[in-house]
Amino acid sequence: MDIKYFEEQNIIYIGDHKIFGFPWRNEKCPVCGFQKIYHEEYDGLFCPVCNIWLDSECGSADCEYCGNRPAFPVPII
Ligand SMILES: [Zn+2]
Ligand SMILES: [Zn+2]
């Protein structure tokens, strides 16, 4: 999987997928050790390698951000 970060635009390319976000502090994925990424659209932290969310949702069911989170941060098709 090819992962590229373009700092000026805060864009991450993960394979063919484009996500608006940026590396989150110096925190690493506890599973694989890859840099955690902040996903702007869903207001969440995720690992692009494991394709999992790394934080919990805020708990508000009608939150316009995490209420709409997909199961996988990076679309798998
Ligand atoms: Zn990971
Ligand atoms: Zn929320």
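Author: Arginine 25 is found in strand β3. The model is a predicted one, and in it arginine 25 has a positive phi of about 45° although it is not a glycine. Is arginine 25 buried or exposed? Arginine 25 has 9 other C-beta atoms within 10 Å, so it is exposed; the limit for that class is 12 or fewer.

The strand that holds arginine 25 covers residues 17-28 and runs antiparallel to β4, with four bridges joining the two. Across this pairing, phenylalanine 22 of the one strand faces tyrosine 38 in β4. The two strands make a hairpin with six residues between them. In its turn, glycine 33 has a positive phi of about 90°.

On β4 itself, which spans residues 35-39, the next pairing is with strand β5, residues 44-47. These two strands are antiparallel and share three bridges. Tyrosine 38, already named as standing opposite phenylalanine 22, has leucine 45 as its bridge partner in β5. Histidine 39 is bridged to glycine 44 in β5. Four residues separate β4 from β5 in their hairpin, and in that turn aspartate 43 shows a positive phi of about 50°.

Another residue of β4 is isoleucine 37. Which residues does isoleucine 37 contact, leaving aside its neighbours within four places in sequence? They are Ile12, Gly21, Pro23, Trp24, Leu45, Phe46 and Pro48. Tryptophan 53 is 16 residues from isoleucine 37 in sequence, and their C-alpha atoms are 9.6 Å apart in space.

Strand β6 consists of residues 52-53 and pairs with β5 in the antiparallel sense, over two bridges. Phenylalanine 46 stands opposite tryptophan 53 in this pairing. The hairpin of β5 and β6 has four residues between the strands. Asparagine 51 is found in the loop between β5 and β6, and its phi is positive, about 55°, although asparagine 51 is not a glycine. Asparagine 51 has 15 other C-beta atoms within 10 Å and is therefore partly exposed.

At the other end of the strand order is the pairing of β1 with strand β2, residues 11-14. Four bridges join these two strands, and they run antiparallel. Phenylalanine 6 stands opposite isoleucine 11 in β2.

Now the sheet as a whole. Strands of a sheet pair through backbone hydrogen bonds, in either the parallel or the antiparallel sense. In this model six strands form an open sheet with antiparallel pairing, in the order β1-β2-β3-β4-β5-β6. The edges are taken by β1 (3-6) and β6, each with a single partner strand, so one side of each has no neighbour in the sheet.

Several of the residues above return in the core. Which residues make up the largest nonpolar core? It has eight: Ile12, Ile14, Ile19, Ile37, Tyr38, Phe46, Cys47 and Val74. The elements giving two or more residues to this core are β2, β4 and β5. One of the core residues is valine 74. Not counting residues up to four places away in sequence, valine 74 touches Ile14, His17, Pro48 and Asn51.

Last, the whole chain. The protein chain has zero helices and six strands, and its pattern along the sequence is β-β-β-β-β-β. Its radius of gyration is 12 Å, close to the 11 Å that the globule rule gives for 77 residues, so the chain is as compact as a globular protein of that length. The C-alpha trace spans about 35 × 25 × 25 Å along its principal axes. Buried residues make up 18% of the 77 residues. Among contacts with a separation of 6 or more, residues 24 or more positions apart account for 18%.

Note on methods: Residues numbered from 1 in each chain as written. Chains lettered and ligands numbered in written order. Predicted model: local features only at pLDDT ≥ 70, side-chain atom pairs only at ≥ 80, totals over all residues. Pairing = 2+ DSSP bridges. Buried ≥ 20, exposed ≤ 12 C-beta atoms within 10 Å, placed from the backbone. Contact = placed C-beta atoms within 7 Å. Core = buried A, V, L, I, M, F, W, Y, C linked by C-beta atoms within 7 Å. Rg over C-alpha atoms; globule rule 2.2 N^0.38 Å.
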